[in-house]
Amino acid sequence: MKIRMKNQIQLDGQIELIDQVYEAELIQKGSYHYLQFVNEEEERVILKFHDAELNMTRFSTPKTAMRFVKAGKALVGIPTPMGVQTFVTETHFYQVDWANQVLKIHYELKSQDEERLFASYQMTISWF
């Protein structure tokens, strides 16, 4: 199986497009689906998701954990050159199309106090 992650990132008025494909494994446990793969940096990545939430864990050093809640906000810890920083993800659109094996999510990454917007994202994850 393969996973394709397409991401449109808007940062400081510029748009960056990322399109990545990896070999993946899909596992279902209860209402959760897990997609596991190894990225280009040889880090194991696990996506855990269901109809209303996505957790993305990258087993880097240090580990990166991101959480996205349908129509909601979540605290996340992201490694930066200054250490692990806490941010907020605010998800505006979240949809899983099980029949076509696609998850679409639009979100913003903000400072913990939500006063500063770092970037806006439109991500599509498909597995086939």
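**Strands and their partners**

Thr89 has Leu109 in S9 as its bridge partner. This is a predicted model, in which local features need pLDDT of at least 70, side-chain atom pairs count only at pLDDT 80 or more, and totals for chains, interfaces and linings use all residues. Residues are numbered from 1 along each chain as its sequence is written, and side-chain values use heavy atoms, with hydrogens and water left out.

The bridge between Thr89 and Leu109 belongs to the antiparallel pairing of strand S8 (residues 83–97) with S9, which runs over ten bridges. Strands here are DSSP runs of E with at least two residues, numbered from the N terminus, and two strands pair if DSSP finds at least two bridges between them. Four residues separate S8 and S9 in their hairpin, and Gln101 in the turn has a positive phi of about 55°.

On to the next pairing. S9 and S10 run antiparallel and are joined by nine bridges, with Ile105 opposite Met123 in S10. The hairpin of S9 and S10 has five residues between the strands, and Glu114 takes a positive phi near 65° there. Eight of the ten residues of S9 are buried, so S9 is largely enclosed by the rest of the structure. Buried means under 20% relative accessible area, exposed over 50%, and partly exposed in between (1.4 Å probe, protein chains only).

His106 is found in strand S9 and is partly exposed, with a relative accessible area of 28%. Leaving aside neighbours within four places in sequence, His106 is in contact (heavy atoms within 4.5 Å) with Glu90, Thr91, His92, Phe93, Tyr121, Gln122 and Met123. Of these, Glu90 is 16 residues from His106 in sequence and 8.6 Å away in space, C-alpha to C-alpha.

S10 (residues 117–127) also pairs with S1, in the antiparallel sense and over eight bridges. In this pairing Ile3 stands opposite Trp127. Ser126, also placed in strand S10, is buried at a relative accessible area of 16%. Apart from neighbours within four places in sequence, Ser126 is in contact with Lys2, Ile3, Arg4, Gln101 and Val102.

S1 (residues 2–11) in turn pairs with strand S2 (residues 14–29), antiparallel over ten bridges. Gln10 stands opposite Ile15 in S2. Two residues lie between the strands in the hairpin of S1 and S2, where Asp12 takes a positive phi near 50°.

**Rings, charges and the core**

A search of the whole structure finds seven aromatic pairs. Rings of Phe, Tyr and Trp (its six-membered ring) pair if their centres lie within 6.5 Å; planes under 30 degrees apart count as stacked, over 60 as edge-to-face and the rest as tilted. One of the pairs is Tyr22 with Phe37, stacked at 4.9 Å centre to centre with 15° between the planes. Tyr22 lies in strand S2 and Phe37 in strand S3, so this pair ties together parts that are 15 residues apart in sequence. Both residues are buried, Tyr22 at a relative accessible area of 10% and Phe37 at 5%.

Tyr107 and Tyr121 form another stacked pair, with 4.5 Å between centres and 5° between planes. Tyr107 lies in strand S9 (residues 102–111) and Tyr121 in strand S10, so the pair ties together parts that are 14 residues apart in sequence. Tyr107 is buried at 5% relative accessibility, and Tyr121 is buried at 15%. Ring pairs also link Phe49, Trp98 and Trp127 into a cluster.

Two charged side chains sit over rings, as defined by NZ of Lys or CZ of Arg within 6 Å of the ring centre and within 35 degrees of the ring normal. The charged end of Arg44 sits over the ring of Phe59, 4.4 Å from its centre. Lys48 lies over the face of Tyr32, at 4.4 Å from the ring centre.

What of the nonpolar interior? A nonpolar core is a set of buried Ala, Val, Leu, Ile, Met, Phe, Trp, Tyr and Cys residues joined through side-chain atoms within 4.5 Å. The largest has 28 residues, and those with the most contacts inside it are Ile3, Leu47, Leu54, Met56, Leu103 and Ile125. S10 gives the most to this core, with five residues.
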